[in-house]
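Dear colleague,

I am passing on the structure we spoke about, followed by some notes on what turned up in it. Please have it open while you read.

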Amino acid sequence: MIQVSPSIAIDESEIEESFVRASGPGGQNVNKVSTAVELRFDVRRSVSLPNDVAIRLMKLAGSRLTQDGVIVITAQEHRSQNRNREEALARLIELIRQAEVRPKVRRATKPTKASKERRLASKEKRSSVKSTRGKPRFD
């Protein structure tokens, strides 16, 4: 079990890892060793996540989410496979922690009478300043 937070723990069998060859610079090591990690986590079928967290996680995942509801995280920054695994897992855990936070409910409020009066007074003052500008009229 991977402990994400005090209330959420993910079973390791829900996470699928595959190793591929990393792109970019790295010399001969890139051609020989499959160090890049592609981590897959099926959000829709996960029994470890509460429903509201899963919904928020799918929204947060963005382009990392497939149409089947699987989050795909690729890590290839490091030369070692183990460090890439740790980084991919850390990214998934951070994403789940962000999804766990419930957004605050916005309560509609009305402006106070004093703030309305201040706004109208400043508009009136600004209007008078602008009206004094311009060409003088000879009537």
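H3 lies across S3, S4 and S5 and runs at about 30° to S4, where helices (H or I, at least four residues) and strands (E, at least two) are DSSP runs numbered from the N terminus, and where axes are lines fitted to C-alpha atoms, for helices over the stretch in contact, with angles from 0 to 180 degrees between N-to-C directions. Please keep in mind that this is a predicted model, in which local features need pLDDT of at least 70 and side-chain atom pairs count only at pLDDT 80 or more, while totals for chains, interfaces and linings use all residues. Residues are numbered from 1 along each chain as its sequence is written, and side-chain values use heavy atoms, with hydrogens and water left out.

The three strands form an open sheet in the order S3-S4-S5, with antiparallel pairing; two strands count as paired if DSSP finds at least two bridges between them. Strand S3 (15-20) and S5 stand at the edges with a single partner strand each, so one side of each has no neighbour in the sheet. Direction ignored, neighbouring strands of this sheet are turned by 20° against each other on average. S4 and S5 are joined by six bridges, and in S5 the bridge partner of Arg40 is Val72, while Asp42 stands opposite Val70.

Asp42, which belongs to strand S4, is buried, with a relative accessible area of 17%; buried means under 20% relative accessible area, exposed over 50%, and partly exposed in between (1.4 Å probe, protein chains only). Leaving aside neighbours within four places in sequence, Asp42 is in contact (heavy atoms within 4.5 Å) with Glu14, Asp68, Gly69 and Val70. S5 is itself mostly covered, as five of its six residues are buried.

Not counting residues up to four places away in sequence, Leu57 touches Phe41, Val43, Leu49, Ile71, Leu95, Ile96 and Ala99.

With best wishes
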